[in-house]
Amino acid sequence: MGRIVVEGPLAPFTDGLRRYLAGRGYALDTVRDHVHLLADLSGWLSARDMAAADLTERTAEEFLLARRAVGRRIGVSERALAPTLRYLRSVQAAPQPPARVPATFEEVLLAQYRRHLEGERGLSEGTIKHYLRCARVFLGWLPGSKRAGPLAGLSAGRVTGYVMEWARHREGLPPDMVTLPALRSFLRFLHVAGHVADLLVGAVPAGRAHPGRLGVPRAASGEGIRAVLASCDRDSAAGRRDYAIMLSLTRLALRGGEVARLELDDVGWRAGHVSIRGKGGRVDVLPLPGDVGQAWADYLLHSRPKTVSTTLFVTMVAPFGALATSSVTQVLARACARAGVARFGPHRIRHAVACGLLNSGASMEEIGQLLRHAHERTTAIYAKVDQARLAELARPCPQGAAR
């Protein structure tokens, strides 16, 4: 098949598009399809005496409509055109889409709340996403006229009613550790920002706390962890990646998000250490265990796709990019299913690592350093696991006290 010739205003960007797509792991056939689409788009613009700078969102919609009108079945959706538009915008050949202006009261309020979470609270993007989702659901539940808005008449009783209805719908489902803290955060913001006169946080019950705060931390079993590691097909690309991810969780006690955020430059191969980007922008340097380094090297040399992404672990399907925190959780969930063990997540592996260190005689300070806890009280929950040490603190009942 001959080389595709692109004529018209987009012709200068043909080779750049090829490099852009190839750098993100697209297959050669897929790259060729996108170049074909670029050629059609360029010809369509040329026939209308339009330049690349005229390629607005509206113009792109008209192009796709024209393709569908003549019976074309390939390259007729926004998703199909998206990679080409992203490249043209990245090199400033096509204009960026205008920033969406919040139109409704709810959108304006949520935009303010996002700025509060980013600026005042300094929360991570993942936490902000969850908190905004919970706030959006709460606002959608509230009654309110278009003129007065949903916050009119917001009271402690109404908040309690929402929580009770939410709790009824959650019956029989796994614990939800996000909604109630998110609701308290949103109510606190509404008061501080002057949207409601009363601080209604007290109307939200504490709910079910994290299991570790009420009882013994629920740790994954050693047998379960060994089973999920053994379930990885280390002769396949995906298996090497998944094994390296899970070994990182078990040997370094990383959180799922910390695995997803690992950068290639975070690994000090010669020095034998790795920088961990934790909560709140915190960065800690940990020794790199030999088996973890070997698993990472095996993945990098034999399985990691060619990509411009700078993260250590990337997706296995093009465009190859950084993993989301949820992707790390899903890697572990699939391994649990393969191994035939009850599903557990990254945090229960952290508990297992801490409990193993405790059983080996490690101090609370040493455990806190490995788990990178900001406060000693967070590590203190593992004291409940060490029954022998707790027994030493127990005082006998004084004789005759029951008389």
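Visitor: What makes Arg 251 count as buried, exposed or partly exposed?

Guide: Arg 251 has a relative accessible area of 38%. Buried means under 20% relative accessible area, exposed over 50%, and partly exposed in between, using a 1.4 Å probe and protein chains only. So Arg 251 is partly exposed. A word on the ground rules: this is a predicted model, where local features need pLDDT of at least 70 and side-chain atom pairs count only at pLDDT 80 or more, while totals for chains, interfaces and linings use all residues. Residues are numbered from 1 along each chain as its sequence is written, and side-chain values use heavy atoms, leaving out hydrogens and water.

Visitor: What accessibility does Asp 291 have?

Guide: Asp 291 has 34% relative accessibility, so it counts as partly exposed.

Visitor: How do you know that Arg 67 is buried or exposed?

Guide: Its relative accessible area is 7%, so Arg 67 is buried. Arg 67 forms a salt bridge with Asp 40, with the closest N and O atoms 2.9 Å apart. Asp 40, at 28% relative accessibility, counts as partly exposed.

Visitor: Which salt-bridge partner does Arg 372 have?

Guide: That's Glu 258, with the closest N and O atoms 2.4 Å apart. Arg 372 is in the loop between H16 and helix H17, Glu 258 is in helix H12, and 114 residues separate them. Both Arg 372 and Glu 258 are buried.

Visitor: What makes a set of residues a nonpolar core?

Guide: A nonpolar core is a set of buried Ala, Val, Leu, Ile, Met, Phe, Trp, Tyr and Cys residues joined through side-chain atoms within 4.5 Å. The largest one has 44 residues, and Leu 262 and Trp 296 are among those that touch the most other members. Helix H11 gives the most to this core, with 7 residues.

Visitor: Why do strands E2 and E3 count as paired?

Guide: Two strands pair if DSSP finds at least two bridges between them. E2 and E3 run antiparallel and are joined by 5 bridges, so they pair.

Definitions and conventions. Helix = DSSP H or I, 4+ residues; strand = E, 2+ residues; numbered from the N terminus. Salt bridge = Lys/Arg side-chain N within 4 Å of Asp/Glu carboxyl O.
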